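I opened the model and went through it piece by piece. These are my notes.

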Amino acid sequence: MDAEQKLELLADDARFESCDSFTPRKRKGKQTGPGITTTQGANGKPMALFRLLQSNSCEWDCPYCPLRRSNDIERATLEPEELSTLFMQRHEQGAVQGLFLSSAVAGGVRPAMGRMLDTVELLRVRYQYTGYVHLKLMPGARADEVERAAKLADRVSINLEAPNGDRMKQISPERGWSTVLEPMAYARDQQEAGELTSGQATQFVVGASGESDREIFDATTRMYREFKLRRVYFNAFRPQAGTPMAEHAATPFVRQQRLQEADWLLRHYGFKADELPFESGDNLPLQIDPKFAWALHHPEIFPIEVQTADREMLLRVPGIGPISVERILAMRRSAKFRELDHLRKLGVVVDKARHFLTLDGRFFGNDTTQVVARLRAKPIVEQLSLW
Ligand code: SF4
């Protein structure tokens, strides 16, 4: 197999071993060649990323993953010289601006980690490449490997996959809870020392180990607090043919969406994990977004008056985001809000917000129990058409 053929295979298999491995393909952006995906860069602008596995050979046997060692599939490994050449060709043509490199555990943790580090070192030293690199760390990566990764990459990530050690054993028995947390702690130390300008991230495979949303958020808040993670990604589990979990139920994509929304509340809206509106089974409601659900649980707070509420309370209103809050605060110094249209023009989703606020004393909403009944009666739309 030549390097281009390996690339075809390893770019396709990257969906099983990368930060949004189970995300519908259409959401990854426009692909213009094997491994080329469009993502959002640090400046918010689209960035073409070369995203692939260095190897799809794996010594581990995670029951949900088609790359597991027990599966009889076509295997390939790109050596550092090959991968760096493939990347630089595309970079020089202007087809890619960054690299997202991951790998299966090919030949063990040390060789797999070393191969990726050697590749990025070639890019940085031989080719003087200074652009964006996101490097996946192997569970069990040592402090010196993480230090080297932090000097070479802008961001590192390590897959947690499950929210605690017991859950992890079910879906990734060789991984081991501490083999993930230790490299995370090393990466945090590097970040605090001024390396890793884009920080570190992790991901969960949601629904693979029977975990609840509360367990996921217990782990998520710990990751943000102790390890200073920049992002946590949630990927709905999809059963893969030929694996021991092929018959396991798929996780509704809407659950992934609700987890992302709840994570957004923690990171941008000042919510604490214990405020999230978990229902029976310790899961978030699927029919209603978590901010809306939280507001419905707090009739003692709403409606609030837009003209006088403080920033914190405005942020709690469903349909009002951080940008709209700033616009409201700026506008109300010189004007009174009397109509929903005034809020609509500032970017507020008034169909949601109107049930929780008053404008100059007037309420434009409905009885929220009717709103809830209508929302709960709606079928949950599975976004499987994206697959
Ligand atoms: S470590 Fe597990 S999830 Fe990762 S490639 Fe190997 S079998 Fe798949």
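How many bridges join β8 to strand β9, and do they run parallel or antiparallel? Two bridges join β8 to β9 (residues 357–359), and the two strands run parallel. Before going on, I note that this is a predicted model: local features need pLDDT of at least 70, side-chain atom pairs count only at pLDDT 80 or more, and totals for chains, interfaces and linings use all residues. Residues are numbered from 1 along each chain as its sequence is written.

**Entry 1**

I took strands (E, at least two residues) and helices (H or I, at least four) as DSSP runs, numbered from the N terminus. Two strands pair if DSSP finds at least two bridges between them. E305 stands opposite T358 in β9. The sheet is open, has three strands in the order β8-β9-β10, and its pairing is mixed. I asked why one side of β8 and of β10 is left without a neighbour in the sheet. β8 (304–305) and β10 (362–363) stand at the edges with a single partner strand each, so one side of each has no neighbour there.

**Entry 1: domains**

The domain bounds come from an automatic or database domain assignment. Domain 1 covers 3–282 and domain 2 covers 290–377. Their centres, taken over C-alpha atoms, are separated by 37 Å. I then looked up contacts (C-beta atoms, placed from the backbone, within 7 Å). Ten residues of domain 1 touch eight residues of domain 2. On the domain 1 side, five are nonpolar, two polar and three charged. Here Ala, Val, Leu, Ile, Met, Phe, Trp, Tyr, Cys and Pro count as nonpolar, Asp, Glu, Lys and Arg as charged, and the others, Gly among them, as polar.

I counted a residue as buried if 20 or more other C-beta atoms lie within 10 Å of its own, as exposed if 12 or fewer do, and as partly exposed in between, with C-beta atoms placed from the backbone. Strand β4 (residues 132–136) has five of its five residues buried. Y132, H134 and K136 point one way, V133 and L135 the other. β4 pairs with β3 (residues 98–102) in the parallel sense over four bridges. L99 has V133 as its bridge partner in β4. β3, helix α3 (residues 109–126) and β4 make a right-handed β-α-β unit. Right-handed means that, with the strands pointing away from the viewer, the path from the first strand over the helix to the second runs clockwise.

β4 also runs parallel to β5 (residues 155–157), joined by three bridges. L135 has V156 as its bridge partner in β5. The chain crosses from β4 to β5 through helix α4 (residues 143–152), again right-handed. In α4, the buried residues include E145, R148 and L152. The buried residues of α4 pack against α3, β4, β5 and α6 (177–192).

Two bridges join β5 to β6, in parallel. V156 stands opposite Q200 in β6. Seven of the seven residues of β6 (residues 200–206) are buried, so the strand is largely enclosed by the rest of the structure. β6 pairs with β7 (residues 231–236) in the parallel sense over six bridges. F204 has F234 as its bridge partner in β7. The chain goes from β6 through helix α7 (residues 213–227) to β7 in a right-handed β-α-β crossover.

Technical notes: Contact = placed C-beta atoms within 7 Å.
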